[in-house]
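My notebook is open and the model is loaded. Here is what I looked up, entry by entry.

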Amino acid sequence: MARTNYQRGYEIERKIVHELTGRGYLVLRSAGSHSKIDVLGIKKERIVAVQSKRTKRFSMSSYQKEIAEIKALINDYNFGDVMDFELWVWIDRQGFRKWKVTADSVQEVAS
């Protein structure tokens with residue numbers, strides 16, 4: 001039986017939860033919320049909000065809408081000083097590519 005988009009998204013979010021937990025974060029997953037924050041990782045010195053996506057073939061232009069929405073969220077709620085926002089894209093058969101998104105820029109970070 002084919003997996004649904006929800007199931008595929010859940011699998012990716014679980015990978016993020018596992019990775020952040022392994023790095024010592026307290027991790028919260030926003031199940032089925034359709035918000036701009038899928039996973040939240042909390043440490044004393046850092047809070048990271050992750051928007052996750054999954055694709056078969058990667059094209060950065062496909063994520064311009066999500067990036068603009070994250071930037072708007074950062075500006076609207078003045079999150080820039082208290083929380084880092086990242087976009088994690090799972091590319092089938094390749095793994096994650098990750099970007100830190102600020103109000104002014106998007107920068108790829110090491111996986």
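**Entry 1: Glu 19 and its partner.** I started with Glu 19, which is partly exposed because its relative accessible area is 24%; buried means under 20%, exposed over 50%, and partly exposed in between, with a 1.4 Å probe and protein chains only. I then looked for its partner and found that the side chains of Glu 19 and Lys 98 meet in a salt bridge, 2.4 Å from N to O. This pair links distant parts of the chain, with Lys 98 in strand β5 and Glu 19 in helix α1 (residues 5-22), 79 residues apart. Helices (H or I, at least four residues) and strands (E, at least two) are DSSP runs, numbered from the N terminus. Lys 98 counts as buried because its relative accessible area is 2%.

**Entry 2: ground rules.** I note that this is a predicted model, where local features need pLDDT of at least 70 and side-chain atom pairs count only at pLDDT 80 or more, while totals for chains, interfaces and linings use all residues. Residues are numbered from 1 along each chain as its sequence is written, and side-chain values use heavy atoms, with hydrogens and water left out.

**Entry 3: other salt bridges.** How many salt bridges does a search of the whole structure find? I get 12, taking a salt bridge as a side-chain nitrogen of Lys or Arg within 4 Å of a carboxyl oxygen of Asp or Glu. In one of them, Glu 69 pairs with Lys 36, and the closest N and O atoms are 2.8 Å apart. Here too distant parts of the chain are linked: Glu 69 is in helix α2 and Lys 36 in the loop between β1 and β2 (39-42), 33 residues apart. I have Glu 69 as partly exposed at 29% relative accessibility, and Lys 36 as partly exposed at 23%.

I also checked Asp 84 and Lys 100, whose side chains meet in a salt bridge (3.6 Å, N to O). Asp 84 sits in strand β4 and Lys 100 in strand β5, 16 residues apart. Asp 84 is buried at 17% relative accessibility, whereas Lys 100 is partly exposed at 30%. I traced a network of salt bridges that links Arg 46, Asp 84, Glu 86 and Lys 100.

**Entry 4: the cores.** Which residues touch the most other members of the largest nonpolar core? Among its 14 residues, I have Phe 85, Leu 87, Val 89 and Val 101. A nonpolar core is a set of buried Ala, Val, Leu, Ile, Met, Phe, Trp, Tyr and Cys residues joined through side-chain atoms within 4.5 Å. The elements giving two or more residues to this core are α2 (64-77), β4 (84-91) and β5 (95-101). I also noted a second, separate core of 12 residues, including Leu 20, Val 27, Trp 88 and Phe 96.

**Entry 5: two loop residues.** I found a positive phi in Asn 78, near 55 degrees, in a residue other than glycine. Asn 78 is in the loop between α2 and β4 and counts as exposed at 60% relative accessibility. Arg 93 also has a positive phi, near 70 degrees. Arg 93 lies in the loop between β4 and β5 and is exposed at 83% relative accessibility.
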